[in-house]
Every structure is written in structure tokens, then in C-alpha cells.
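Hello,

Here is the structure for you to look through. Please open it first, then read the notes on its rings below.

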Amino acid sequence: MKSISAAKPCEWLAQEYRQHRQVFRAEKIRFRGVDGRDVYNIAAPLIDEGRAVIPARVEPRDSEFSEVIFFHETPDGVWSRVEEVRTFRGLQDPFHARIHGELVFGGVEIWTNPFHNYEIEYRTVFYRGESVGDLRLFAVGPQWMKDIRLVELPDGRVGVFTRPNGSRYGGQAQIGWTILASLDDLSPDSILKAEILPDRFHPGEWGGVNEAQRLDDGSIGVLGHIAYRSEDGALHYKAMCFALHLDEDVVTPVRVIAERSDFLGGEAKRPELADVVFSGGLVRYEDGTAHLYAGVSDAEAQRILIPDPFSVAAPCPLEMEA
């Protein structure tokens, strides 16, 4: 896989983005039935048995031990938990995809290891089924790897984005890519064989894929995040995108499409997380706009209406609504 240009620093990309920033509307997503816990790092809505549902990370403000709950929208605009669907305990940062008509759902499974001072360990887990009510575990990712995402390719194979980490990659998470014949081939070994996509992140910065969509021309639109830590210890996460052109074997440059100031103000889990946007998913519309669903500041969920980052059409800007 080849890159069109070298990676630029996150703040450089953010400055380029600010020159043409367009946010048409921002809104907080409200949830019911969570007992005062925070709801954030949501995926985009999916249609399940005729209704839209959102999987979301739910946890207390002072904890990282979360669960993923499915919510449906009620007539008053609040999202309430789907009571008949199981809660996925010990799971973070949900995602979903449709592969050969089947729902694939997953997240980051965490646990404490009693043999290593009860440190938190994690891996990505994958479920499949016809609906959210009959999901069954079918695969797990390598230990210590988040942000593994799947997409069905035009020829029926399955594209897999990975997130290799460690000293081999300069100590920062990168993005890998591999192609499998089917979901049955998804395993730690097949995931670890992915090639690194070149020029995704500047040295000292990192990121990952949050969602992948097949575009009309057969390319893959990639929604993700790019991040770095400033000298004061604060984390800075921004929403980004790029495209993978299968025929040309080329990836386009990373482009920032949203940052924390585009969303409504709110609380943060901790002060160093105030500038965090964790992309969840894109819902794209025929008029050239798209809703970006995201977790913000590790404390709440919001969505913003923006120009579709994968569309050639650019709508006229509207005034942002509070």
C-alpha cells in the first residue's frame, strides 16, 4: 500500500481544518435508565428489526470498568435502554458492521489480572448474529489491541483494519490493513499479519480506525481518531478520515474533520481528557451532509452535522445551533 504524502502533525492538520471548518448543528444525545452513570464512546445508530438502536459505553465517572448497553430512541427524543437485549459487561467502545448481511458487533473487553498486580488487560472481541438479540461470540483479537474494524469488500472478502502497538512501531499505535477470505478467518494470528499503512501519523502521535465504510467507487472510507499528548500531560484527540483506494493500492492523507470545540460544552472525566473526541460513526445523507457520532471528553455522547467527508459535494454552511 502506498501513501500520497508524508504524515503531518496533528496540530498542523487541525489548523488546515480550521480554515474551512463547517459545523451545521451540534447536539447532546440524552440517555435514560443508566443510574447517573456517564454514557459516551457510542457507535452510530444501526437498524435492528425495524428500529434504530445505539450501542454505548456506560460507566461511573470514577471508573474505567464499563458495560455496553443498547439504546433505542423514544418519542421524547431520549434514548432508553433496550430491555430485552443483554448488557455486555466489561466491554468498552462498541462498534458494528454488516458483513454479508450479518450483523457484526464488538468492543474492547477489559479485565484485571490477579497475577500482575491486578493491572487492567484488554483485547477486542467480536460477536455475530441476525440481530442484536442473538449475538454470539465468534472471534477475539490479539492481547493489547484495540480499534480493530471490519468492512465487506466489493469482491465479498473482508477487509480488516488493525491497531498494532509497541516498541516495534515507535511505541505508538499505528494502523494496519489486511484482507481475509471470510469472517471465519478472523483470529489473533490473521490480525497480526496486517501490513502497516504508511504515513498515517507523525512521530510521537497515534490513532486508530473507528469505522470503515465501502464507498460507491469501491474505495473504503475510513473514520478514525488522531491523538497526541502535550507537554502539560493533556490528551488531544481529534476526529479524522482518509480513504483507501483498492484498485490503485493507495491511501489518501489523514484529514481532521472535527475537534472538541465543534461540540457543545460539557464535563470531562478528568481534566486531562477535556480535549478528547472519540469518533463513533458516520451517517451519510444524499444532500452531502453527514452526522458524526462521537464520545467527547470521556464523559458524554454528542453528534454534529457536518459536510460528508467522503462526498464530492459540499453543502452551503448554516449557523451552528446550541
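Rings of Phe, Tyr and Trp (its six-membered ring) pair if their centres lie within 6.5 Å; planes under 30 degrees apart count as stacked, over 60 as edge-to-face and the rest as tilted.

This is a predicted model, where local features need pLDDT of at least 70, side-chain atom pairs count only at pLDDT 80 or more, and totals for chains, interfaces and linings use all residues. Residues are numbered from 1 along each chain as its sequence is written, and side-chain values use heavy atoms, with hydrogens and water left out.

The structure holds 11 aromatic pairs. In one of them, the ring centres of Phe 88 and Tyr 127 are 5.1 Å apart and the planes are at 75°, so this pair is edge-to-face. Phe 88 is in strand S9 (residues 88–89) and Tyr 127 is in strand S12 (residues 119–129), so the pair ties together parts 39 residues apart in sequence. Strands (E, at least two residues) are DSSP runs, numbered from the N terminus. Both Phe 88 and Tyr 127 are buried, meaning under 20% relative accessible area (1.4 Å probe, protein chains only).

Ring pairs also join Phe 70, Phe 88, Phe 105 and Tyr 127 into a cluster.

What sits over the ring of Phe 88? The charged end of Arg 86 does, 4.0 Å from the ring centre. For this, CZ of Arg or NZ of Lys must be within 6 Å of the ring centre and within 35 degrees of the ring normal. Lys 146 lies over the face of Tyr 122, 4.9 Å from the ring centre.

Best wishes

Methods
Helix = DSSP H or I, 4+ residues; strand = E, 2+ residues; numbered from the N terminus. Buried < 20%, exposed > 50% of the residue type's maximum accessible area, 1.4 Å probe, protein only.
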